[in-house]
Amino acid sequence: MSEFQPGFLCCSLLARELEVVSRRLGLEGSQRVFFESNCHLASSQDSWPPPRAQALLEGDKPVLALCMNCKRPSASAQAASPISGLEHPGLQVIEVQTQGELFLGQDATERALAEGAFIVLPGWLACWRSIIIDSWGFDAATAPIFFGEAATRLVFLDTGVEGPWERELSALAAFVGLPCEHRFVGLSHLEALVRCASAACSQRSERRTIQAAAAQARALAAEYATVVDFITSLGSLPSEAAIIASLEGTAQILFAAQQVCFLPHDPENEAAQGPASFEVAVTFAGERLGMLAVHGIALPEHRARYLPMAAATCDAAGIALNATRLVERERSLARQLEQKVVELDQFAYVASHDLQAPLRRLVSFAELLESTLGEQLPPRAVTYLDHIQRNAVLMRTLVQDLLRLSRASNSPLRAEPVQLDLCLDRALMALGSSTEERGAVVERRPLPGIVGDPGLLSQLFQNLLGNALKFVPADRSPVVVVSADREDQRWVICVQDNGIGIEPQHAETIFAPFQRLHRSHEYDGSGIGLSICRRVVERHGGEIWVQPGDAQGSIFRFSLPVVAT
Ligand code: ADP
């Protein structure tokens, strides 16, 4: 992958060596630009750097510049290789300037030079005549003088590339008049240099990839933080309209679009999706609740990345919309139910109230009939009259109970400080004779003060105690215990008896109007008492329930809010 490979700017004398090393290191795809040997003699600035090198130097990859430094050994500093003057934006040019360094390493090269060696490389040897004779201007007479002063011997570093060199080397040695040492050096040093450049390149490239990935992850995290904020806020959004407004606002922030809107579900509303637009369905459990339409996003190239984000946002909105719709439906049902209960209560009140007068008349006329014509009536008629009277009385009781229930539900609720002990006193007083008749014992613990309606609360105690005394086998004396416990912000009042008990399956039904577990000849009553109790407790913000027990009795409990001090 050329992305992970350095570029090379290389003297043409090293072309073969570089090719071999590149092949060994798998860098065949690297960019290589060669310049002519004797680069220091390039007369015009236009020809340097070579035109093809320009693109290489303008890129942002590391560039390994390999110069043979083949200038005349005694040349002045001004004649330095133009490699050193190259500029490479933002990156270091790896430059090797001493011939031998490429194959011997810097120390060994310096040592050899100090000992008076003139280092010769294969590429140089291949064109020694054009360098020494044409470029430097020596001939067979002057060359030995110059070389005799500059060096004691020639050291030929044989890289093993091309060759054989013996003939050329002998010709050179004869021409410059120096002895020659032939050293086999291989390419390992050059290879190490290229390997380093290549590693630097891939490190750089990987670092850039990681940095880009980190930047993208940061951007994604920021975007998803917006999505998470939206999801978190959903729980507190009060209505469908608020959820839709928040969904549109979030999409606007995320996608910087020209237009964002929520379309209610409409199968024909399938708008085209362009490169800068998209639509995402808002669904819940497969049901389409609407569609989020986003048009004119600021960065269309991110469209593919936006889609999953939009899907996550719409999924969350779908859940919230569904929940809100359910709650709204439930509220509307509860409102309807409440309305029905009010209507029913009103009907019960009107019916029971209006029935009282004709019932009273029915009873009166039956009594009148009995008192005036009683003796003249045949026995059968007397029996019928008796039936009429008993049923009329029963009906009057039912109507009065219904009226009591209706009043307990609808009469204006007084809210005043009230001592429950006093309510219990009033209830016991009302029950007076039946308590004494049964030889009942009522044990009472102190009861708290609350805020409520004294009349209704007295009736509550009266009904519960009345039952506690009533539903006791005839051969047992009733024992009733009334107590109160505090549980956090509520009082729990307990009425416990030693009566016949209630089976668990009846624990709820007994609170419904006219629900009785016994016939009238066993225990009298109409089945309205406990439903009155429930209305009274609920109107005071509490609950009532029975703890079913065995035949040893029942425990009725009801809660009332603690008065804030
Ligand atoms: P009523 O007392 O007129 O029958 P209630 O509404 O007060 O009507 O009670 C409903 C039914 O619950 C009673 O008929 C009775 O079967 C049962 N019940 C109520 N209180 C007790 C109790 N303390 N012990 C046993 N059963 C009871």
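How many nonpolar, polar and charged residues are in the shell around the ligand?

## Composition of the ligand shell

In this predicted model, the shell around the ligand holds eight nonpolar, nine polar and three charged residues. Of the 20 residues around the ligand, those that come nearest are Asn467, Asp497, Arg516, Gly527 and Leu530.

## Polar contacts and burial

For lysine 470, the distance from a side-chain N or O atom to a ligand oxygen atom is 2.9 Å. The side chain of serine 554 has an N or O atom 3.4 Å from a nitrogen atom of the ligand. The ligand taken alone exposes 530 Å², and the protein buries 98% of that area.

## Pocket and contributing elements

The ligand takes up the space of the largest pocket. Two or more residues of the shell around the ligand come from each of the elements α14 (454–470) and α15 (529–539). Asn467, one of the residues that come nearest to the ligand, falls within the range of α14 (454–470). Leu530, also among the nearest residues, falls within the range of α15 (529–539).

## Overall chain dimensions

The chain contains 15 helices and 17 strands. Its radius of gyration is 54 Å, whereas a compact globule of 565 residues would have a value near 24 Å. Along the principal axes, the C-alpha atoms of the chain fill a box of roughly 180 × 55 × 45 Å.

Note on methods. Residues are numbered from 1 along each chain as its sequence is written. This is a predicted model: local features need pLDDT of at least 70, side-chain atom pairs count only at pLDDT 80 or more; totals for chains, interfaces and linings use all residues. Side-chain values use heavy atoms; hydrogens and water are left out. A residue is near a molecule or strand if one of its heavy atoms lies within 4 Å of it. A polar contact is a pair of N or O atoms within 3.5 Å; within protein, one must be able to donate a hydrogen and the other to accept it, and residues adjacent in sequence count only if both atoms are side-chain atoms. Accessible areas come from the Shrake-Rupley method with a 1.4 Å probe; for residues, only the protein chains shown count as cover. On a 1 Å grid over the protein atoms alone, a cavity is a set of points where a 1.4 Å probe fits but cannot get out, and a pocket is an open set with protein on both sides within 12 Å along at least five of seven lines; lining residues have an atom within 4 Å of a point. A molecule sits in a cavity or pocket if more than half of its atoms lie within 2 Å of its grid points. Helices (H or I, at least four residues) and strands (E, at least two) are DSSP runs, numbered from the N terminus. Ala, Val, Leu, Ile, Met, Phe, Trp, Tyr, Cys and Pro count as nonpolar, Asp, Glu, Lys and Arg as charged, and the others, Gly among them, as polar. The radius of gyration is taken over C-alpha atoms; the globule rule is 2.2 Å times the number of residues to the power 0.38.
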